[in-house]
Each structure stands twice: as C-alpha cells, then as structure tokens.
Amino acid sequence: MPQERILVVDDEESVRGVVAALLEQSGYDATLSESAEDAIARLQQDPDYNLVLSDIMMPGTDGLTLLDQICSDYPGMPVVMLSAINDFYVVTNAFRRGAIDYLLKPFERAELESIVLRAIEHGRLRKQNTIYRQNLESIVSARTGRLRSTMQDLERSYDITLEAMGDALDLRDEETEGHSKRVTAYTIALAQAMGLESEELRLIARGAFLHDIGKIATPDRILLKPGRLSEEEMRIMKEHCERGYEMVRKIPFLREAAEIVYAHQERFDGAGYPRGLRGEEIPLGARIFAIADSLDAMTSDRPYRKGTTFVAAREEIASCAGKQFDPKIVEVFLAMPNETWSELRAETEKPSPSVHTIPFYRPLVAHSKQRS
C-alpha cells in the first residue's frame with residue numbers, strides 16, 4: 001500500500017528533522033516545510049497529503065492562520081498543531097478553528113505515533129463520509145428524477161382522463177361543443193394575469209374544464225330542450241353543480257378542483273346557486289371562472305342568437321362588477337387587451353395533437369405569458 005504523506009511545517013530545522021525521522025521510522029512519507037507560506041505553496045502544487053503537522057509560533061504567517069486557510073481551501077484535510085505553548089486559550093482556539101488534535105513540545109515518539117495514527121484515521125473516515133454523501137446525493141438525484149418523470153407521466157394520464165370526460169359532455173350537448181376548452185383557456189389567461197402560480201393554475205384549469213360535468217346526469221329532455229325551461233326543469237338543471245361536485249370530489253387529485261365545479265354558478269352579490277355564497281366565500285378559482293364563462297357565453301353563437309363581439313362582452317362584464325362578478329378580478333380583466341380572447345379562441349379551435357397532454361392548458365399558458 002502507498003505510504004501516507006504528511007506535511008510537517010515548523011520554522012526550526014532541528015524540530016523538522018526530528019519529526020521527519022520519527023515519522024519515517026513509523027513508515028510515513030514526510031515532506032518538510034519551513035514556513036506557513038511555503039506550506040501553502042506546496043499544497044497548491046500538490047494537495048494530496050493525508051495530514052498536516054504545523055507549529056503555531058512562526059515568523060510571518062503563524063500556524064493558526066495556516067490552519068484557517070487549510071480548513072477553507074482543503075476541507076477534510078486533518079491538521080494537528082505542534083507547539084510548546086501550554087495555554088488553555090490557545091489550545092481551545094486551535095480546536096475551535098478546525099484542528100483535530102494538539103501535541104505539546106517536547107513529545108515522546110509514542111505520543112507522536114498515537115496522534116498521527118488517530119489523525120490519519122480521522123481524515124480517512126472524513127473522505128469516506130464525503131464519498132458516501134456524494135454517492136448518496138447522486139442516488140437521491142437519480143431517483144428524484146425518475147420519480148419526477150413518473151409523476152409527470154401520471155399527471156399526463158390524469159389530463160387525458162379529464163379531456164375524455166369533457167369530450168363525453170360535448171357529445172351530449174353539441175350546442176356548447178368546445179365551450180369547456182375555450183372557457184378553460186380564458187380562465188387560465190385571467191388567472192395568470194392575476195399572478196397565480198403554476199400549481200394554482202393547474203388546479204383552476206381542471207376545475208374550469210370540468211365545471212359542467214354534472215350535466216352528464218341531467219336528463220336529455222331538459223339538457224337538449226330547445227325552448228325555455230319550466231321552473232321544475234330549471235330546478236333539475238341547477239342540480240348539475242352539486243352532482244358534478246359529488247362526482248369530482250371522489251377523485252383524489254381533483255378534490256380541490258371540485259370546489260370550483262360546486263361554486264361556478266355563484267354570484268358575487270350572493271344571488272347565485274346552489275348555496276348562495278357571497279363575495280370571498282366563493283373560491284377564487286370560481287370567481288375567475290365566472291368572468292371567463294360569461295365571456296364565452298356572450299361571444300358564442302347559439303341557434304336562437306348570434307354571438308356578440310368581445311368589445312361588447314367586455315362592456316357587459318364591466319357593468320356587472322360587484323353584482324355578478326368580483327370587482328377586483330373585473331379590473332384585471334379590463335386591463336387585458338381584447339386581442340387576448342380572440343387569439344385564445346383561435347388556439348382552442350385548432351385540431352388537437354395526436355398525443356393529448358391537455359392541449360388547452362400548457363400551450364395556452366405559454367401563450368398568455370407572452371402577452372402579459
């Protein structure tokens with residue numbers, strides 16, 4: 001096995017010679033240095049030492065300053081202080097600054113051998129610990145990367161499931177086909193303009209997309225009725241909020257989004273349904289969604305009327321601030337350019353890619369960032 005290399009630093013030639021002789025007799029490879037400056041230069045050229053033995057009192061840079069620099073530049077390298085100073089303060093100061101042992105001059109060969117052996121073993125364990133920690137960090141990093149990839153795949157599968165649920169609703173109600181994607185795009189753009197973070201955006205996007213999922217349980221005679229609904233039919237239609245909530249809340253990753261499904265027909269003044277929530281009792285996502293939903297409803301064609309312009313819809317929404325809509329969110333909405341909405345509508349009408357990863361969510365988030 002290669003010899004352990006020890007750097008001996010002392011301004012007295014006789015001491016250096018004695019220490020070197022004792023170390024070599026014990027099988028170590030000793031390199032001698034007459035000053036802290038010389039020791040620093042040697043370490044810079046070749047830092048592969050197992051131990052540094054250094055005097056404290058030396059002309060120029062003293063041993064404690066050398067100790068500080070070694071601890072800073074070569075962390076993990078063990079340093080033992082050699083000194084004739086038998087002072088408690090000096091000893092404790094040396095340990096506080098990073099020395100792993102302190103050997104008083106004059107010393108016996110056995111003392112030197114014992115301390116050197118202990119110090120080299122300490123350094124070896126330090127290196128092993130560093131290597132172990134680095135390997136552990138590498139393993140954790142690799143496994144974290146695999147876990148992140150798995151979670152992303154799982155999230156994509158969730159999004160595909162959501163899109164399938166939305167498509168199922170579109171198949172039942174052709175009159176509002178594409179409404180869920182458009183209103184989700186508008187909701188995301190408005191939420192992003194309000195400064196919401198990506199996790200909140202994702203939650204709100206899912207709630208917005210599934211807002212009408214409860215209509216799957218609404219009878220066709222009511223859902224597809226071309227004329228005005230009776231009071232009883234309207235009562236049944238209004239049940240879609242609670243029905244949708246009960247469906248969605250059972251899915252763990254949609255539990256928070258379910259609150260938006262439940263509250264999407266509430267009004268800021270408390271005149272909405274199903275619970276008559278008022279003001280900030282309504283979840284933030286539902287308050288944002290309400291504006292996006294009305295915007296799409298007003299600007300979309302229906303068999304019985306032509307959709308209005310985004311400019312006219314904007315004016316109508318402004319007039320309902322404080323009544324149907326949260327006035328603070330209306331302010332953010334009015335500060336956004338009208339082109340945002342027409343461009344987002346055009347994006348949602350593009351053919352979906354063959355691999356679905358919520359096309360109405362991620363690309364539109366990037367798009368709305370560019371406009372903000």
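## Ser 300 and its arginine neighbours

Ser 300 sits in the loop between α12 and α13. In this predicted model, Ser 300 touches Arg 182, Arg 305, Gly 307 and Arg 345, leaving aside residues up to four places away in sequence. Two of these contacts are polar and run from side chain to side chain. One joins Ser 300 to Arg 182 at 3.4 Å. Another joins Ser 300 to Arg 345 at 3.3 Å.

Is Ser 300 buried or exposed? Its relative accessibility is 2%, so Ser 300 counts as buried.

## The largest nonpolar core

The largest nonpolar core has 34 residues. Within this core, Leu 190, Ile 291, Leu 295 and Trp 341 touch the most other members. Seven helices are named as giving two or more residues each: α6 (179-193), α7 (198-209), α11 (257-263), α12 (284-299), α13 (310-319), α14 (327-335) and α15 (339-348). In soluble globular proteins, nonpolar side chains tend to be buried together.

Which residues does Leu 295 touch, not counting those up to four places away in sequence? They are Tyr 186, Phe 310, Ala 313, Ile 317, Phe 333 and Trp 341. A second core is separate and has 23 residues. Among its members are Ala 39, Ile 56, Leu 66 and Tyr 74.

## Aromatic pairs around Tyr 186

The structure holds four aromatic pairs. One of them joins Tyr 186 and Phe 310.

Trp 341 is in helix α15 and Tyr 186 in helix α6, so the pair ties together parts that are 155 residues apart in sequence. Trp 341 is buried, as is Tyr 186. Ring pairs link Tyr 186, Phe 310, Phe 333 and Trp 341 into a cluster. Leu 295 touches each of these four residues.

## Helix α12

How many residues does α12 have, and how far does the helix reach? It has 16 residues and spans 23 Å from its first C-alpha to its last. That is close to the 22 Å expected at 1.5 Å a residue. The helix is mostly covered, with 13 of its 16 residues buried.

## Leu 196, between α6 and α7

Leu 196 lies in the loop between α6 and α7. At 12% relative accessibility, against a cut-off of under 20%, Leu 196 counts as buried. Its contacts beyond four places in sequence are Ala 191, Leu 201, Ile 204, Leu 284 and Ile 288.

## Arginines over tyrosine rings

Where does Arg 5 lie relative to Tyr 49? Arg 5 lies over the face of Tyr 49, 4.3 Å from the ring centre. A second case involves Arg 275 and Tyr 262. The charged end of Arg 275 sits over the Tyr 262 ring, at 3.8 Å from its centre.

## Cis peptide bonds

Most peptide bonds are trans. The bond from Lys 105 to Pro 106 is cis, with omega near -10°. Pro 106 is in the loop between β5 (101-104) and α5 (109-172).

The bond from Tyr 273 to Pro 274 is also cis, with omega near 10°. Pro 274 lies in the loop between α11 and α12.

## The chain overall

The protein chain has 16 helices and five strands. Of its 372 residues, 44% are buried. Which share of contacts between residues at least 6 apart in sequence joins residues at least 24 apart? The share is 64%.

Definitions and conventions: Residues numbered from 1 in each chain as written. Predicted model: local features only at pLDDT ≥ 70, side-chain atom pairs only at ≥ 80, totals over all residues. Heavy atoms only, no water. Core = buried A, V, L, I, M, F, W, Y, C linked by side-chain atoms within 4.5 Å. Buried < 20%, exposed > 50% of the residue type's maximum accessible area, 1.4 Å probe, protein only. Helix = DSSP H or I, 4+ residues; strand = E, 2+ residues; numbered from the N terminus. Contact = heavy atoms within 4.5 Å. Phe/Tyr/Trp six-rings, centres within 6.5 Å; stacked < 30°, edge-to-face > 60°. Lys NZ or Arg CZ within 6 Å of the ring centre and 35° of its normal. Expected span 1.5 Å × (residues − 1). Polar contact = N/O pair within 3.5 Å; in protein donor to acceptor, adjacent residues only side chain to side chain.
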